[in-house]
Amino acid sequence: MNLDGTNIMITGGTGSCGKRFVDRVLNTYRPDRVVVFSRDEQKQFQMRQEFPVAQYPNLRMFVGDVRDRDRLHRVM
């Protein structure tokens, strides 16, 4: 599977599995955009330290809960 040029949204992206997936995608492929959607602002902050904007401009972070349909649709 080739993820180059794709748009990817990961719900729960700051958890252990999500974080590993983001790392793999960003360091193996060249996606147009990777969106991390998570409830945990602190973990998003920590993750951004590991994936700085200057190095990973295609990574976007959004705070939200998958149970909030309106927020989920806005992010998509």
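Skipping neighbours within four places in sequence, Gln44 is in contact with Thr14, Val36, Ser38, Met61, Phe62 and Val63, where contact means heavy atoms within 4.5 Å. Gln44 sits in helix H2, residues 41–50. Quick ground rules: this is a predicted model, where local features need pLDDT of at least 70, side-chain atom pairs count only at pLDDT 80 or more, and totals for chains, interfaces and linings use all residues. Residues are numbered from 1 along each chain as its sequence is written, and side-chain values use heavy atoms, with hydrogens and water left out.

**Overall layout**

- The protein has 3 helices and 3 strands; these are DSSP runs numbered from the N terminus, with helices being H or I of at least four residues and strands E of at least two.
- Reading from the N terminus, the elements go β-α-β-α-β-α.
- A compact globule of 76 residues would have a radius of gyration near 11 Å, and the protein agrees with that at 12 Å (taken over C-alpha atoms; the rule is 2.2 Å times the number of residues to the power 0.38).
- Along the principal axes, the C-alpha atoms fill a box of roughly 30 × 25 × 20 Å.
- Among contacts with a separation of 6 or more, 69% come from residues 24 or more positions apart.

**The sheet and the helices on it**

- Three strands make an open sheet in the order S1-S2-S3, with parallel pairing; two strands pair if DSSP finds at least two bridges between them.
- S1 and S3 are the edge strands, each pairing on one side only.
- From one strand to the next, the twist averages 20°.
- S1 and S2 are joined by 5 bridges in the parallel sense, and Ile10 has Val36 of S2 as its bridge partner.
- H1 lies across S1, S2 and S3 and runs at about 165° to S1 (axes are lines fitted to C-alpha atoms, for helices over the stretch in contact, and angles run from 0 to 180 degrees between N-to-C directions).
- H2 lies across S2 and S3, at about 165° to S3.

**Cores**

- The largest nonpolar core has 13 residues, and those with the most contacts inside it are Val22, Leu26, Val34, Val36, Met47, Phe51 and Leu59. Such a core is a set of buried Ala, Val, Leu, Ile, Met, Phe, Trp, Tyr and Cys residues joined through side-chain atoms within 4.5 Å.
- Strand S1 (7–11), helix H1 (16–28), strand S2 (33–38) and strand S3 (59–63) each give two or more residues to this core, and H1 gives the most, with 3.
- Leu26 is in contact with Val34, Phe51, Tyr56, Asn58 and Leu59, leaving aside neighbours within four places in sequence.
- A second, separate core of 5 residues includes Val35, Phe37, Phe62 and Leu72.

- Buried residues make up 37% of the 76 in the protein (buried is under 20% relative accessible area, exposed over 50%, partly exposed in between, using a 1.4 Å probe and protein chains only).
- Why does Gln44 count as buried? Because its relative accessibility is 8%.
- Arg60, in strand S3, counts as partly exposed because its relative accessibility is 39%.
- Not counting residues up to four places away in sequence, Arg60 touches Arg33, Val34, Val35, Val36 and Arg48.
- Arg60 and Arg33 are 27 residues apart in sequence, with their C-alpha atoms 7.4 Å apart in space.
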